[in-house]
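I wanted to look up the aromatic contacts here. My notes follow the structure.

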Amino acid sequence: MRTFSSALSRVVISAPTAFLPAIGMADHNTLAGVVRATGWSLGWVFLGAYVASMVLVWGGLSLIGSRVYRHGWSTAALVAAFTLRHRITRTSANSLEPYFHPRMLAFGLGLLALAAILRRRTLLAVALVGGAAAVHVTTGLWFALLAGVAIVILLGWHSLPPQTA
């Protein structure tokens with residue numbers, strides 16, 4: 001079994017992944033480095049990344065819910081509603097993937113950024129959006145747009161008086 005696992009790790013890690021940087025996913029060398037540094041199998045690394053992603057998503061939703069809702073049950077309902085499986089229209093993506101995908105890690109970081117904005121911690125929010133973009137560019141850009149608009153409204157830049165020439 002060890003031979004199959006190590007062979008699979010070599011195939012998965014060294015497989016041609018030219019499309020990954022194009023869509024902004026974490027480089028396969030990062031995964032290979034984690035496998036080498038920890039000595040864990042590729043399966044354990046993906047499991048750890050999946051658990052970390054779900055903790056970030058749960059934490060972000062919980063922080064947002066605790067700021068927006070009065071009761072803890074409402075926050076629990078928000079988190080529970082997010083687990084309902086549905087497919088995003090015209091894509092093959094789900095809102096919550098049942099496996100590790102860099103998009104979910106970026107989504108968790110983005111949710112934490114929104115929670116930071118609700119707590120008026122804009123620098124932390126910007127850093128979290130940057131982390132989300134580093135993991136998955138598309139998801140990071142969507143959160144940058146959302147967070148950017150929220151920060152502009154929060155800081156009141158939208159109501160500045162016009163400049164006179």
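Aromatic pairs

I searched the whole structure and found three aromatic pairs. I counted rings of Phe, Tyr and Trp (its six-membered ring) as a pair if their centres lie within 6.5 Å, with planes under 30 degrees apart called stacked, over 60 edge-to-face and the rest tilted.

I looked up Phe82 and Phe107: the ring centres are 5.5 Å apart and the planes at 15°, so this pair is stacked. Phe82 lies in helix 5 (residues 72–82) and Phe107 in helix 6 (residues 102–118), 25 residues apart, so the pair links distant parts of the chain. Helices are DSSP runs (H or I, at least four residues), numbered from the N terminus.

The model is predicted: local features need pLDDT of at least 70, side-chain atom pairs count only at pLDDT 80 or more, and totals for chains, interfaces and linings use all residues. Residues are numbered from 1 along each chain as its sequence is written, and side-chain values use heavy atoms, with hydrogens and water left out.

Next I took Phe107 with Phe143: this pair is edge-to-face, 5.4 Å centre to centre with 70° between the planes. Phe143 sits in helix 8 (residues 137–155), 36 residues from Phe107 in helix 6.

I then checked accessibility (buried is under 20% relative accessible area, exposed over 50%, partly exposed in between; 1.4 Å probe, protein chains only). Phe82 is buried at 16%, Phe107 is partly exposed at 22%, and Phe143 is buried at 7%.

I noted that Phe82, Phe107 and Phe143 form one aromatic cluster.

Key: Helices (H or I, at least four residues) and strands (E, at least two) are DSSP runs, numbered from the N terminus.
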